[in-house]
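Let's take a walk through this one together.

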Amino acid sequence: MPGPAPTLWAASLRHLLRQPAQLALAVVALAAGVATIVAVNIATASSRRALELSLRAVNGPATQLITGGPSGLDQGLYVRLFTRAPLSGNPQPAYSPVVEGYVTVRSRVLQLVGVDPFASAALEGPQGALPASVSGRATLTTLRDWLVEPGAVVLAAPTARELGAQVGEPLAVDIGGVRRTATLVGLIHGRRPGDATLMLTDIAQAQEWLGMAGRLTRIDVRMPHGPAAASALAQLRRELPPGAQLEQAAGRMRETLDMTSAFAANLTAMSLLALLVSALLIYGAVSFTVVRRRRSIAILRALGATRREILTIVLTEASVLGAAGAGLGVLLGLAVGHGLVRLVSRTVNDLYYVVAVQQVALPAGAVIEALAAGLGTALLASLLPALEVAASAPQLGLRRSVIEGRAALAARRLSWLSLALALAAGALILGSGRSVLTGFAALFLLLVSVAAVTPSVLRATARLASRALSGISSVGRLALEDIAASLSRTGVAVAALGMAVAAMIGVSIMVASFRVSLRHWLTQTMRADIYIAAPGPGAGRPERRIEPAVLDALLATPGVADHSASRSVVVRSSRGDIALDALHLAPGSYAGMELTAGDPRAVWTDYARGALLLSDSLAWRLDLRPGERLSLLTASGPREFPIAGIYHEYGSGLGSAMMSLEVYRRLWHDDAITAVGLYLAHGVAAAAEIPRLEAAAGGRQALLIRSNSDIRAMSLEIFDRTFIITRVLYWLAAAIAAIGLVSALLAWELDRTRELSVLRSLGLTPRGAAALVAAQTVFMGGAALLAAIPTGLIIAVVLTKVIDRRAFGWHIEMHLHAAQFLDALALALAAALLAGLYPAWRAAAGPIAGEMREE
Amino acid sequence: MRSRALAAIAVLAAAFPAHAIRAGAPSFAQALTAQPLEFPRDQGPHPDYRQEWWYVTGNLDSADGERFGFELTIFRFALARSLPEPADVGSRSGAESSAWRARQIYLGHFAVTDVTRHRFRFAVKLSRGALGLAGARANPLRVWVGNWQIGESLVEAAERGYVLSLAARPLMPPVLNGERGLSRKSGEPGNATYYYSIPRVSVRGTIVRDGRPLQVHGLAWLDREWGSGSLGPQETGWDWFGLQLGDGSCLMFYSLRDRDGAEDPYSAGTWIDSAGRTRPLSRDDVRIKVLAHWTDAGGIRYPSRWRLVMPALGLDVTVRPVLADQELVTSPRYWEGAVDVSGTRSGRPVAGRGYVELTGYAGTTAGSAGIR
């Protein structure tokens, strides 16, 4: 097939070069959309990768893991496996005991991994002659130091450098609020990225520091390959005491990674939203460039260019535009992604696991995906205008009125489409049960539906306003009629703005409602006057506990009238890991528990007898109801627990279960306490009591001692931090919309220079011309807002009642505040005004004569 | 003598650099003077000395005429004379010190020479002396690493394809080597060990080869040494011979090699006649001539056949490995293998079996070897 003639390409190029500002804006809009995708991808991939690497660095070559309950395994199991294994000539499993926790060094969180170097060497290689885990990972000056030097630890060389730690020198570490002195005895060289977040130490040291004497976190197992494996596995299963579990190392890792994927899905949805907005803007930009060239295209057609040639040219232009925008977007995304990584990993840390992102990962697939999305978006967005212009007959190409006529028709059709989309969204939500993804799909349909209805709203409001102004201001009337008559220019940009504003309204209502619900819940639940907890990362970490002697001293402090106590751990259930809060409730605390299901009269009696209460989130996630049962792995093996009720909670999105502390202690043999809530005697002020409690702790343990109101403030702070990402993303979407509007207005204004010149020559002052343009853009902003408000409300409902419920199981009450709408109003008007500034300035400065010369 | 430097080299070269003895840290006990050895007490561990080993080698015959050799050695290394106080445990009330704290490391080497199948296989097992994972006690004798053990009356270990399980019965009391059990390795005081052997131990039991049990019996040799020193600076390694002759006599001799290739004057041994009477041997009592060499895949060249002449006893024998390749590719590498002995004693033909150990050929010495 012969391509378009060189003259056509030359015309295309000339045209592209003549409109640099227009093109730049279109490219920037696309780049912003692609950048958002890339940034979100980087952020989620990096935190996921960091988690994966740290899991892998810690698990090493293990094929299976033996794990126990919250207080780990009895070390006797390892001793039995190592010394009493039957003598066999078959390849034997290798076992490596691990004691694990978190330490904080100069405000950086590291994973403390205590290993036996000989066992971990045997796990790593069949010969297992030498402590490869030490030598392979580290150039240890001496094995002696590892075993004998008090507090001996090993760090990755870069980590040591960052912490300013020197080999042979002491290093202060904080474990659960207790300060320890470590000595750096060696460095891990080599480039295993997962090592960067590890602090390796001898298993004896880890046990002492973590208060786990006699216990192991887990035993790593490397099963031999081949036919011996099955019998070795069966043999091992027989050896396991009740309460110990054998699981696939890979499966364990997957499970942990899955926990974070719900969060990643949220972000991805946000990034798709940004791309959707930019798709609309591309559409606007391309249709503009095409429309600008109707005349030249019509001439080319008259000169014999075929439709196919025109189509090829326009689509090629679009792909050049798309490639440029996508390429730029990838670069921009890389830059933004670095910043976003920190936000995401903090959120993941607050909510899920402790992840230290060291390396920014960008999967090659993601770049290709983003490039393809950018290019695809540009092509799709330009397909419609390209088809239209290619199909137009030469003489029609010259007439604007026809285009506007078509646009008006299209607007009417789009209104119907909008209605259909909204209905489809409703049907999707009603018909999809628990799926979060369909929830998001419905959300997109709603957004597109706003976009579709916006041109009609713009047209109708402009007409109405114009009628209202009749006889009052002819210039104003003219301006409004102009808007209504220029839908082909303005419609798309305003639709994009409407969509961004609707998303903003929806999200901000959701966030605010959530915040209000959370505050209400905190007030309701937090009945004690002062809360004390062991500090440290990871909610369910066993090393987070209040030292028993310190606890006694705290409870004996004058002014303390009563207390609640809790032990927070992670236990294995038949449905995966769950967070368990074992609680001893003070009489005053019961009222704080807000039950959403279960018989309120029987719940607490059942609870005292050993029944579980599940949080909303957990009950939703596991699809469990009161009266059903959940099997948990206790120290003496799996045990079924009845579910007495469901309580309201906004903790992590994964939810937690609650159990009586007495029952927990009996079944798990774990006496530690993670946190206490103190009720003060009448007339004792929290502010006065806190120093007394700090004195009672006496420097033995740095505890978090906070008043009720401080905790509330802190919780809300964490909440706000969590939603920073959401805010960042919707401001990004708004920025894209604003860029789009600028581009559309510029196009429109260029189109109207003649009109304005006429008005100017008829006596319109430069200031008047500027005001006219500004008023028009503000009006468009208002129209976008008008279309966005109802949809924003619906989106808020979908977010709170559908998405959040489905993703996290949270019950959130809707709370509407004028502030959220004022925000949106400000956004819409600010975007419109900003977008109008340049065109208005041009309108004011535009020469009269030059433009009139053509006449 | 045996693998003393193995001790030093395998783990301790790394664990004990030149500055090993820190100012103020109590140093290890030293083997300086001959002291009366007492049994069973001295069968057991001597934790105040830096290194120690229980070394069993032997030749076995199966009921249907197959020939095997085996080595099961358990080394003990002390990392420190005493443990420092556990690192600031104090503040975590109720926290105990960990039972994993240990200052002793146990290292097992197990090798089987399967003459019929032309196979030589070895394995290594390493553990700290804590929690019963590995350890040693005197009465009844038991030294173990994981499930490998040398006991009063048994020897047990397993590796890929071979499980060895033997009942053991000493045929003679312990023989003290050197000066009433004090064996000097160089002129420097402390470069010495306490060293005794039981050259004839009757063993009987099974070898499970590739899942199939074979009844075996034969003669083993137990070597015991402990001390805190090392070789002299000029010494690079040694050739050790432990030969059990058909007439009931036994010969232990170690030839220390110096850097210049000459035999070191501290080379020594013990002659045990069929009645159990011993005679200490010095360098000049035994003449050794290397008749052949074997080179391993890595290019390391070991002597592989010897003529051993002891004019005073009228002994003139040739010592031949039953397999050329009995090299343990561990860190460091060494050769330890079953041998056949044939020749004459006072003109009459004599034959026997034994074990030979060759160290220091891989080019590493105690000072330069590090952990891989």
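What share of the contacts in chain A with a separation of 6 or more is accounted for by residues 24 or more positions apart? The answer is 85%. Keep in mind as we go that this is a predicted model.

Let's stay with chain A for the overview. Its secondary structure runs to 27 helices and 22 strands, and 53% of its 855 residues are buried. Chain B has another make-up: one helix and 23 strands. Of the 372 residues in chain B, 54% are buried. As for contacts in chain B between residues at least 6 apart in sequence, 61% of them join residues at least 24 apart.

β11(A) covers residues 218–222, and five of its five residues are buried, so the strand is largely enclosed by the rest of the structure. Look along it and you'll find A:Arg218, A:Asp220 and A:Arg222 pointing one way, with A:Ile219 and A:Val221 pointing the other way.

A handy landmark here is A:Val98, which has A:Arg218 as its bridge partner in β11(A).

Next, a helix. α4(A) spans residues 117–124 and is mostly covered, with eight of its eight residues buried. The buried residues include A:Phe118 and A:Leu123, but also A:Ser120 and A:Glu124.

Finally, move along the chain to a pair of helices. α18(A) is made up of residues 548–555 and α22(A) of residues 686–697; their axes come within 8 Å and cross at roughly 145 degrees. The crossing is right-handed. On the α18(A) side the contact is made by A:Val550, A:Ala553 and A:Leu554, while α22(A) brings A:Leu693, A:Ala696 and A:Ala697. Sort the residues of this contact by type and you get six nonpolar, no polar and no charged.

Technical notes. Residues numbered from 1 in each chain as written. Chains lettered and ligands numbered in written order. Predicted model: local features only at pLDDT ≥ 70, side-chain atom pairs only at ≥ 80, totals over all residues. Helix = DSSP H or I, 4+ residues; strand = E, 2+ residues; numbered from the N terminus. Buried ≥ 20, exposed ≤ 12 C-beta atoms within 10 Å, placed from the backbone. Contact = placed C-beta atoms within 7 Å. Pairing = 2+ DSSP bridges. Axes fitted to C-alpha atoms, helices over the stretch in contact; angles between N-to-C directions. Left-handed = near helix turned anticlockwise from the far one by under 90°. Nonpolar A, V, L, I, M, F, W, Y, C, P; charged D, E, K, R; others polar.
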